[in-house]
Amino acid sequence: DIAYDDGESETRVREDLIKATDSGSDDDRRGGGARVGDKVEARYRGRSKYYPGKISRVHSDGTFDIDYDDGEQETRVLEEYVKKTGSSSSLNRTTSVVRRRGERVEARYRGRAKYYKGRITRDNGDGTYDIDYDDGEMERGVAAHLVRSLESGTSGINDLD
């Protein structure tokens with residue numbers, strides 16, 4: 001039987017699905033040191049305004065469950081939308097990087113957790129990109145924080161005319 005830090009429990013878990021950790025959960029240390037119970041402000045449903053609440057769960061994919069002070073709850077809130085109370089910046093420690101048309105990237109298709117390989121076809125100039133994925137899918141307006149480069153030390157290829 002497993003008793004999770006968030007109060008949940010589970011029985012009959014296969015041994016190959018269990019990973020031992022040191023004192024405290026790895027998940028509790030993700031997100032700039034954010035932990036279950038930390039007071040935060042989060043952008044409810046990704047909107048622009050921050051609302052006060054507490055972290056009720058830290059997921060291994062870097063997202064958080066938030067219990068808002070007004071009684072609302074939200075699951076799997078992106079790290080970019082959460083900041084510690086009194087802070088002016090999000091928990092996300094990554095810096096903003098300008099990507100170029102033609103650059104080989106991985107992007108989180110439709111904001112999901114998994115990254116898919118593709119190429120930037122357009123920089124929309126508003127912090128979003130159009131991506132043509134290797135599997136034939138296309139996505140427009142992908143937020144910069146959902147995109148990471150596959151190229152090392154290059155700024156992109158501009159030969160897509």
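This is a predicted model: local features need pLDDT of at least 70, side-chain atom pairs count only at pLDDT 80 or more; totals for chains, interfaces and linings use all residues.
Start by selecting Asp132 and Met138: Asp132 stands opposite Met138, a residue of strand E11. Residues are numbered from 1 along each chain as its sequence is written.

**The whole chain**

Colour by secondary structure before going further. The chain has one helix and twelve strands; helices (H or I, at least four residues) and strands (E, at least two) are DSSP runs, numbered from the N terminus. Read from the N terminus, the order of elements is β-β-α-β-β-β-β-β-β-β-β-β-β. Of the 161 residues in the chain, 30% are buried, where buried means under 20% relative accessible area, exposed means over 50% and partly exposed lies in between (1.4 Å probe, protein chains only). Contact means heavy atoms within 4.5 Å. Among contacts between residues at least 6 apart in sequence, 39% join residues at least 24 apart.

**The sheet that holds E10**

Next, select E8 to E12. These five strands form an open sheet in the order E11-E10-E9-E8-E12, with antiparallel pairing; two strands pair if DSSP finds at least two bridges between them. At the edges are E11 and strand E12 (147-149), each pairing on one side only. From one strand to the next the twist averages 45°, taken between axes that are lines fitted to C-alpha atoms (for helices, over the stretch in contact), with angles running from 0 to 180 degrees between N-to-C directions. Strands of a sheet pair through backbone hydrogen bonds, either parallel or antiparallel.

E8 and E12 pair in the antiparallel sense over three bridges, and Val105 has Ser149 in E12 as its bridge partner.

Now select residues 128-133, which make up strand E10. Why is E10 largely enclosed by the rest of the structure? Five of its six residues are buried, so the strand is largely enclosed.

On one hand, look at strand E9 (residues 115-123), which pairs with E10 in the antiparallel sense over five bridges. Asp123 stands opposite Tyr129 in E10. The E9 and E10 hairpin has four residues between the strands, and Gly125 takes a positive phi near 75° there.

On the other hand, look at strand E11 (residues 138-143), which runs antiparallel to E10 and is joined to E10 by four bridges. The opening pair, Asp132 and Met138, belongs here. E10 and E11 also form a hairpin with four residues between them, and Gly136 in the turn has a positive phi of about 100°.

**Asp130**

Zoom in on Asp130, a residue of strand E10. Is Asp130 buried or exposed? Asp130 is buried, with a relative accessible area of 9%. Show side chains around Asp130: leaving out residues up to four places away in sequence, Asp130 touches Arg119, Ile120, Thr121, Arg122, Asn124, Glu139, Arg140 and Gly141.

Two of these neighbours deserve a distance label. The side chains of Asp130 and Asn124 are joined by a polar contact of 3.0 Å. A polar contact is a pair of N or O atoms within 3.5 Å; within protein, one must be able to donate a hydrogen and the other to accept it, and residues adjacent in sequence count only if both atoms are side-chain atoms. The side chain of Asp130 also reaches the backbone nitrogen of Gly141 at 3.1 Å.

Move to E3 to E7. This is an open sheet of five strands in the order E6-E5-E4-E3-E7, with antiparallel pairing. E6 and strand E7 (82-84) are the edge strands, each pairing on one side only. The twist here averages 40° from one strand to the next. Within the sheet, strand E4 (residues 50-58) and strand E5 (residues 64-68) pair in the antiparallel sense over five bridges; Ile55 stands opposite Ile66 in E5.

**Glu74**

Finish at Glu74, in strand E6 (residues 73-77). Glu74 is buried yet has no salt bridge, and the nearest side chain of opposite charge, Arg45, is 5.4 Å away. A salt bridge is a side-chain nitrogen of Lys or Arg within 4 Å of a carboxyl oxygen of Asp or Glu; Lys and Arg count as positive and Asp and Glu as negative, with His and the chain ends not counted. The side chain of Glu74 does reach the backbone nitrogen of Arg45, at 2.8 Å. Tyr68 is joined to Glu74, side chain to side chain, by a polar contact of 2.6 Å. Other contacts of Glu74, beyond four places in sequence, include Arg43, Tyr44, Phe64, Asp65 and Ile66.

Terms used
Side-chain values use heavy atoms; hydrogens and water are left out.
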